[in-house]
Amino acid sequence: MTGADGVGKKRLAVEVAKTLPTHWYCGQAIGTPGIAEAIEDCGEPCLVIATDADQRQDIPDLISSLATVRTPVRLLLCLRDTNRLQQTAGLPDTALSALTRAPIVKLGPIGEAQDRIRWFHESVRAYAAAWKVPPPSESVYPVGDDGDEIVVLLCRAMLSVLDQTRARAVRSMPISDLVDALWSIQVARWVEAPDQRLPESARNEAALSEIVTTLVLGHTTTLGGIPRFRSTSSDVLARIVDWSAEHRLVDGNGPVNVLPRLMVGRIILQTLHREPELARPMYQDVNAATSLAATLAWAVNSHPEHLSTVITLVKASRRFTTTMIATLLKEATPTPELDSALAKFIEPPADGELLNILVSAEFPQTRCAQLTAVVHEIRRTSGSMKTLAAALMALAQLHANLSRPRVAVTCATEAVRLYRKLAKQEREAFEHVLADGLRQLGSHLLGFGDPKKAIRAAGEATKIFRRLASDHDHHISGLANALHLLARCRADYGDPHGALRDANECVAHRRTAVASNPNGERPNLASDLDSLVVRLYDVGLHREGEAPAKEVVTMYRELATEDPVLYQRQLAGALTNLAICMGELGNPTDAFTTARAAIQAWQDAVPGEDFDLYQSNLANSYFTFSLASQRAGRPFHEALISAKKSLALRQRLMKRNPRRHKADLAKDLVLLGVLHAEMGHPRLGQQLTLTAIAHYRRLVKAFPLRHRPALANALHSLSMCYVTNNEKAAAATALAEAAAIDRGMLGHNPGWHAPQLACRFHSIAALQMRRWDHSAAIAALDSSRSILLPHVDKDPETHLASEYCRTTTELRQIRSISPAHNMDIDLRIVQLARQTRMNQHNKGSIT
C-alpha cells in the first residue's frame with residue numbers, strides 16, 4: 001500500500017487484518033530476528049505488516065526470513081515511495097517483480113463529501129467513548145475538503161469532542177488553525193497539571209514548543225541549547241527530560257509518540273521560524289544535517305505554507321547545504337513551490353557536489369537547473385563536443401516539459417549544429433544521431449508553434465533515416481519515428497493529405513519493426529496507429545478510421561494492464577479519438593460512453609513529466625465529451641460543464657505557451673458560444689464567438705491552410721447567434737464568408753470541405769426561409785444536395801447519406817408548399833443540431 005504521510009496506511013492495514021478468518025494470526029514486523037520462528041510456532045496462516053517499508057534497511061532480510069517459513073504467510077508493505085524501496089540493495093527478484101506491478105492500494109485524499117461526514121461522525125463517537133464524554137450532536141454539515149487526508153479528519157473529530165462549543169466551525173477550519181487549537185488544548189492541560197518537574201519557566205506554549213522541537217531534532221546539547229534554559233540548572237533540565245520521557249513525547253528514535261505528526265510538524269516549523277538558532281547544533285556534521293533535513297521534509301509535506309522557513313534553514317547550513325538539498329529531494333513530497341525553491345540553489349556556476357546529486361523526475365525545475373549548470377561546466381572545461389551535444393538535447397526536452405518552447409528550440413538547435421560537425425568527422429558513428437537530433441528539433445519547433453520549420457527538420461531526419469534503413473534494418477524504427485513526427489508537422493501546417501501519406505508509411509515501417517522486436521515496438525505501433533486515426537479524420541475518411549481506432553484502444557488496454565503508469569494516458573487519448581470516430585459514424589450513444597470513459601482514464605492517469613501535455617489532452621477529452629453528450633441527447637448542463645472545464649484548462653495553458661494553445665482556446669470559445677446561443681443567451685454566444693474569430697484571423701495570416709477551416713466553422717457559429725438575435729443580414733454575411741472559405745479549400749481537401757460546404761448551404765437555406773426568399777432557399781438546398789451526392793455514391797452507409805436523404809425530403813416539402821406560408825419547417829433547429837457535428841473538425845484528439 002502506498003500513500004503520503006497521514007493518509008491512513010496503518011489504519012487500513014489493521015482493517016485488513018480484522019477481515020481475515022479467525023484462524024489467521026496477524027502482527028507488525030518490528031524487526032527481523034526471531035520472526036520466522038515465531039510464525040512457525042503459530043502453526044496457522046500469518047499476515048505480517050511492515051510499516052514505513054521504504055525507510056527500512058531490513059526489508060530484504062525480512063523477505064528472505066519469511067521465504068524459509070513452511071506456514072502460509074503474506075507480507076503487506078506500507079510505504080510512501082515504491083521507487084525508493086526498489087532501490088534497496090539485496091531485494092530478492094520476486095520482491096522486485098511484485099513492486100514493478102501496480103500497488104494493491106494507493107491511498108490519497110479521502111472520499112466524497114458524504115464519506116467524510118460519515119467517517120467524521122464515526123471518529124467523533126469513538127473519541128467520545130474513549131474519553132467517556134457525551135459526543136456533540138451529529139449534523140449533515142460538510143466536513144473538510146477533497147484534499148483532506150485521514151489524519152486531518154481525525155484531528156477535526158478530536159477537536160470537536162474536546163471543544164464542543166465550536167464543533168461546527170471545526171468542520172471547515174483551516175488545517176493550520178486546527179492544529180494550533182489542538183496544541184493549545186494540550187499545552188493548557190500540561191500547564192494545569194500539578195507536576196513539579198515542569199518549572200514555571202516551561203509552563204507556556206512557546207517554551208513547550210521549544211522543548212518538543214529540541215527533543216524531536218535530537219540535539220546533542222539537549223535542552224541546554226534552548227536560549228531560555230541556558231541559565232537553568234542541570235537538575236531542573238534533568239527533571240524536564242524525565243517529565244518528557246514519562247509523557248512519551250519522544251521514543252528512542254526521535255519522533256513524537258503522544259502528539260500527531262501533523263501537529264508536531266507545525267510546532268517545529270513555527271518554532272524554528274521564531275528561534276532559528278535551535279537548528280544550529282544540527283549543522284555540526286553530515287549525519288545531523290541529514291536528520292534535520294529529513295525532519296523538515298515531513299514537516300513541510302503537511303505544512304507547505306512554511307516552505308520559506310525550510311529554505312532559510314537550508315541556506316544557514318552552509319557547508320552542508322548540498323546534503324540538506326539531497327535529503328529534501330529524497331524525502332519531501334514534490335510540489336512546484338519546493339521544486340522552484342531548490343532549483344535556485346543550482347545556478348551556474350554551481351558547486352561540484354550539486355551537479356552530482358540525484359534529482360528525480362518529480363522535481364523538473366531542479367533537474368533543469370542542474371543540467372543547465374552541467375552544460376555551463378562542460379563549456380567552461382572545454383568538454384567533448386559529443387557530451388555537450390547530448391546534454392543540450394536533454395536540456396531541450398526538460399525546457400519543453402516546463403513549457404519553455406523557445407529555450408527548448410535554442411538548445412536543440414545548438415545540439416544539432418554540434419551533431420552536424422560530428423557527423424562530418426565520423427559519418428558512420430554520428431549520422432543516425434544527427435537524424436534523431438533533427439527529429440527532436442522538429443518536435444520542439446512544433447511545440448513552439450512553427451510547423452513550417454518543423455517540417456524541414458523532420459523531413460531532413462526522414463531523408464537520412466530512409467537512406468540508413470535501406471542499408472541496415474535496425475534503422476527502420478528510426479525512420480518510422482521521423483515519419484510519425486513529419487505527419488504531425490504536415491497536419492499542423494495544413495497539409496492533411498501529405499500527413500496521411502506519411503502516417504500510412506510510418507505504420508507500414510513500424511509493422512516491419514514489430515516483427516523483429518515485438519515487445520519493444522508494440523507501444524510505438526499503437527502510437528502510430530493513433531496518429532493514423534487522426535490523419536484519416538482530417539481528410540474525412542471516418543469509416544476507414546474506425547478499425548485502427550478500435551485496434552489502438554485494444555492495444556493500449558493491454559499495455560495499461562501491464563504498466564498503468566506509463567500507458568494510461570495513451571489509453572485515454574485513444575478513447576478520445578475513438579469517441580470522435582463513433583460520433584462521425586452516427587453512433588451518438590457509443591460516442592458518449594467512450595468519451596466518458598476517456599475522461600475517467602485521464603483522471604486515473606499519472607500526469608507524467610510534461611504536465612502541460614497532460615492538461616491539453618484532458619481539455620481535448622472534455623471538449624469531445626461536451627459534443628458527444630449533446631448529440632446523445634443528454635442533459636444540457638453536462639455539455640456546458642465539460643466545455644467550461646476545457647476552456648479553463650486552455651486559459652491556464654495559454655499563459656505559458658500562447659503560440660501552441662491559441663487555436664485550441666479559440667475552438668473552446670466557439671463551442672461555448674454555440675452552447676450559450678442554444679441556451680437562449682445569443683449575445684453572450686456572439687461575444688465568445690467573435691473573440692474566437694479574432695484569434696483565428698490572426699492565425700490564418702501565419703498558417704492559412706491550417707486555420708481557414710476553423711475560421712469557417714467559427715463564422716458559421718456566429719451566424720447562428722445573429723439569427724437568434726434576428727440580425728439576418730449579418731448572419732447572411734457570416735455564412736457567405738464561411739461558404740467562400742470552404743469553396744476555396746475544396747481542391748485542397750475535398751473529403752473534408754465538401755460535406756462542410758453542404759452544411760453551409762443547408763444553413764443558408766434555413767436563413768433564406770426566414771427572410772421569405774423561397775427561391776433562394778431552394779437553390780441553396782439544391783447546392784447542398786449536389787455536393788453530398790458523390791459521397792453517397794461512394795459510401796451509402798455513411799452519415800452523409802442520411803444527410804442527403806434528409807435534405808432531399810426537406811427540399812420536396814418546400815417545393816410543395818406555397819412561399820406565402822413561409823414554411824420554416826424547423827430548418828433553423830435542424831441546422832443548430834448539425835452545428836455540433838460541424839464543430840468537431842476542431843478535433844479533440846490527442847496532442
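In this predicted model, helix α31 comprises the 21 residues 682–702. At 1.5 Å a residue, α31 should span 30 Å, and the end C-alpha atoms are 30 Å apart, so expectation and model agree. The buried residues of α31 are P682, G685, Q686, L688, T689, A692, I693, H695, Y696, L699 and V700. These buried residues pack against two other helices, α30 (658–678) and α32 (704–724).

Attention now turns to the sheet. Three strands form an open sheet with parallel pairing, in the order β1-β2-β3. Its edge strands, β1 (25–28) and β3 (73–77), each pair on one side only. On average, and with direction ignored, neighbouring strands of this sheet are turned by 20 degrees against each other. Strand β2 (residues 46–50) runs parallel to β1 and is joined to it by four bridges; Y25 has C46 in β2 as its bridge partner. Helix α3 (residues 59–67) packs on the sheet, where it touches β2 and β3. The direction of α3 makes about 165 degrees with that of β3.

The nonpolar cores complete the description. The largest nonpolar core contains 83 residues, of which I211 and L342 touch the most other members. Helix α13 (residues 286–302) gives the most to this core, contributing nine residues. Leaving aside residues up to four places away in sequence, L342 touches I311, I325, L328, L329, F363 and T366.

Methods:
Residues numbered from 1 in each chain as written. Predicted model: local features only at pLDDT ≥ 70, side-chain atom pairs only at ≥ 80, totals over all residues. Heavy atoms only, no water. Core = buried A, V, L, I, M, F, W, Y, C linked by side-chain atoms within 4.5 Å. Buried < 20%, exposed > 50% of the residue type's maximum accessible area, 1.4 Å probe, protein only. Contact = heavy atoms within 4.5 Å. Expected span 1.5 Å × (residues − 1). Pairing = 2+ DSSP bridges. Axes fitted to C-alpha atoms, helices over the stretch in contact; angles between N-to-C directions.
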